Amino acid sequence: MQKSPMTAAGLKRLEDELRQLKTEDRPAVIRAIAEARSHGDLSENAEYHAARERQSFIEGRVIELESLVSTAEVIDPATLSGNRIQFGATVELVDEETDKERCYQIVGAHEADIKENRISISSPLAKALIGKEVGDSVSVPAPGGDRTYEILKVTYK
């Protein structure tokens, strides 16, 4: 069984979603199915079919989350240190072409969220950054052509 690296916060988010699905969403959809059944003919009952579709989604997501939680290998970035970039690092970069600064944390694939500045360890940018240190430049393939970034700061929190 392959372990998936994940931060403690990422694991907590998955566990919270799993708990929500099992304790609130699953019982609610079961009630909705029961209510829709009470309306009679199921072949033309849109509410019944929508509730069954929702139930199917919930059950699939529960299975997926249980698998992710069971294979999670929690890595606490706060216990790491150094100038070399590795899993869990928060990296400040500057785009050498535009001088725009960016800050990203390298996290597991299932907890990545670009809106929260968390990038997957398997993303092209993270792959280019791993093993580098402050002052290094990295080139990352992008749809509009390669982008070059200089590493300004590496922290573990």
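User: Is Glu 150 buried, partly exposed or exposed?

Analyst: This is a predicted model, in which local features need pLDDT of at least 70 and side-chain atom pairs count only at pLDDT 80 or more, while totals for chains, interfaces and linings use all residues. Residues are numbered from 1 along each chain as its sequence is written, and side-chain values use heavy atoms, without hydrogens and water. Buried means under 20% relative accessible area, exposed over 50%, and partly exposed in between (1.4 Å probe, protein chains only). Glu 150 has 30% relative accessibility, so Glu 150 is partly exposed.

User: Which residue forms a salt bridge with Arg 26?

Analyst: A salt bridge is a side-chain nitrogen of Lys or Arg within 4 Å of a carboxyl oxygen of Asp or Glu. Arg 26 lies in helix 1 (residues 8-37) and its partner in helix 2 (residues 46-70), 33 residues apart. With the closest N and O atoms 2.9 Å apart, the partner is Glu 59.

User: Is Arg 61 buried or exposed?

Analyst: Arg 61 forms a salt bridge with Glu 64, about one helical turn away in helix 2. At 18% relative accessibility, Arg 61 is buried.

Conventions. Helices (H or I, at least four residues) and strands (E, at least two) are DSSP runs, numbered from the N terminus.
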